Amino acid sequence: KSANPQWREQFDFHYFSDRKDMLDIEVWRKDNKKHEELLGTCQVDITALPMKQTNCLELPLEKHPGSLLMLVAVAPCTGVSISDLCVCPLGDPSERQQIAQRYSLRNSFRDIKDIGFLQVKVLKAVDLLAADFAGKSDPFCVLELGNDSLQTHTVYKNLNPEWNKVFTFPIKDIHDVLEVTVFDEDGDKPPDFLGKVAIPLLSV
């Protein structure tokens with residue numbers, strides 16, 4: 001019940017150079033669980049923003065009254081990667097030795113913020129729910145750690161998809177929980193939920 005809402009939320013998006021350069025933003029209002037109305041949209045051209053500084057943007061909403069105030073910072077992406085299983089970043093023994101040294105007991109206090117990192121190999125899913133009328137699904141997998149989110153490609157018309165991807169996350173809080181969710185891609189509609197598993201980092 002506000003025409004001037006303040007959210008004060010922060011989100012980290014991993015922007016890779018092969019992705020599109022526009023950040024799309026939508027503002028919605030909700031009356032109840034069933035009724036939603038689009039209050040406006042706006043776009044931010046990421047390539048036009050200066051690097052390594054916080055940019056204060058006041059963005060007018062297209063075709064609707066009002067504007068959105070945002071702080072956007074574009075910084076080099078450190079510690080986050082997606083790769084194929086055959087080129088796994090930790091596959092090299094000398095690299096493993098360097099990492100073991102970096103996180104050894106005597107180096108514990110060298111960089112307090114560098115807690116460590118998590119590498120996740122997403123191999124496959126088995127016997128997924130059929131979300132389409134044809135008895136198939138178009139599954140993809142989303143990994144979330146804190147406010148970091150990465151996802152696999154979609155495997156179409158398959159209940160036993162193989163992704164074979166390796167994801168690397170920097171760890172910001174040892175008490176975080178890795179959430180792995182499988183969705184069914186549904187064209188322009190929101191994806192259908194196919195299942196989820198939560199793994200506390202302290203259990204690894």
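Is Thr154 buried or exposed? At 16% relative accessibility, Thr154 counts as buried, where buried means under 20% relative accessible area, exposed over 50% and partly exposed in between, with a 1.4 Å probe and protein chains only. The points below place this residue and others in the structure.

1. Basis of the note. This is a predicted model, in which local features need pLDDT of at least 70 and side-chain atom pairs count only at pLDDT 80 or more, while totals for chains, interfaces and linings use all residues. Residues are numbered from 1 along each chain as its sequence is written, and side-chain values use heavy atoms, with hydrogens and water left out.

2. Overall composition. The secondary structure comes to one helix and eleven strands; helices (H or I, at least four residues) and strands (E, at least two) are DSSP runs, numbered from the N terminus. Along the sequence, the pattern reads β-β-β-β-β-α-β-β-β-β-β-β. The C-alpha trace spans about 55 × 50 × 30 Å along its principal axes. Of the 204 residues, 29% count as buried.

3. Domains. The protein is divided into domain 1 (22-74) and domain 2 (81-203), with bounds that come from an automatic or database domain assignment. Their C-alpha centres lie 28 Å apart.

4. Contact means heavy atoms within 4.5 Å. Among contacts between residues at least 6 apart in sequence, 51% join residues at least 24 apart.

5. The sheet around β9. Three strands form an open sheet in the order β5-β9-β6, with antiparallel pairing; two strands pair if DSSP finds at least two bridges between them. Because β5 (81-84) and β6 (116-124) stand at the edges with a single partner strand each, one side of each is left without a neighbour in the sheet. The twist averages 20° from one strand to the next, where axes are lines fitted to C-alpha atoms, for helices over the stretch in contact, and angles run from 0 to 180 degrees between N-to-C directions.

6. Strand pairing in detail. β6 and β9 (residues 162-171) pair in the antiparallel sense over eight bridges. On this side, Leu118 has Phe169 of β9 as its bridge partner, and Val120 has Phe167 of β9. Four bridges join β5 to β9, again antiparallel, and Ser83 stands opposite Val166 in β9. Seven of the ten residues of β9 are buried, so this strand is largely enclosed by the rest of the structure.

7. Nonpolar cores. A nonpolar core is a set of buried Ala, Val, Leu, Ile, Met, Phe, Trp, Tyr and Cys residues joined through side-chain atoms within 4.5 Å. The largest one has 20 residues, and those with the most contacts inside it are Leu143 and Leu178. Two or more residues each come from β6, β7 (139-145), β9 and β10 (177-184), and β9 gives the most, with four residues. Leaving aside residues up to four places away in sequence, Leu178 touches residues including Leu118, Val120, Leu143, Phe169 and Ile199. Apart from this core lies another, of 13 residues, among them Val27, Cys42, Leu68 and Val74.

8. The loop between β8 and β9. Thr154 is placed in the loop between β8 and β9. Its side chain is joined to that of Glu185 by a polar contact of 2.6 Å; a polar contact is a pair of N or O atoms within 3.5 Å, and within protein one must be able to donate a hydrogen and the other to accept it, while residues adjacent in sequence count only if both atoms are side-chain atoms. Not counting residues up to four places away in sequence, Thr154 touches Asp138, Pro139, Phe140 and Glu185. Lys157 also has its place in the loop between β8 (148-151) and β9, but Lys157 counts as exposed at 53% relative accessibility.

9. Positive phi values. Phi of Lys157 is near 50°, a positive value in a residue other than glycine. Arg8 likewise has a positive phi, near 50°. Arg8 lies in the segment before β1 (22-30) and counts as exposed, at 76% relative accessibility.

10. Lys52. This residue sits in the loop between β2 (36-45) and β3 (54-60) and counts as exposed, at 68% relative accessibility. Beyond its neighbours within four places in sequence, Lys52 is in contact with Val74 and Pro76. Lys52 and Val74 are 22 residues apart in sequence and 5.8 Å apart in space, C-alpha to C-alpha.
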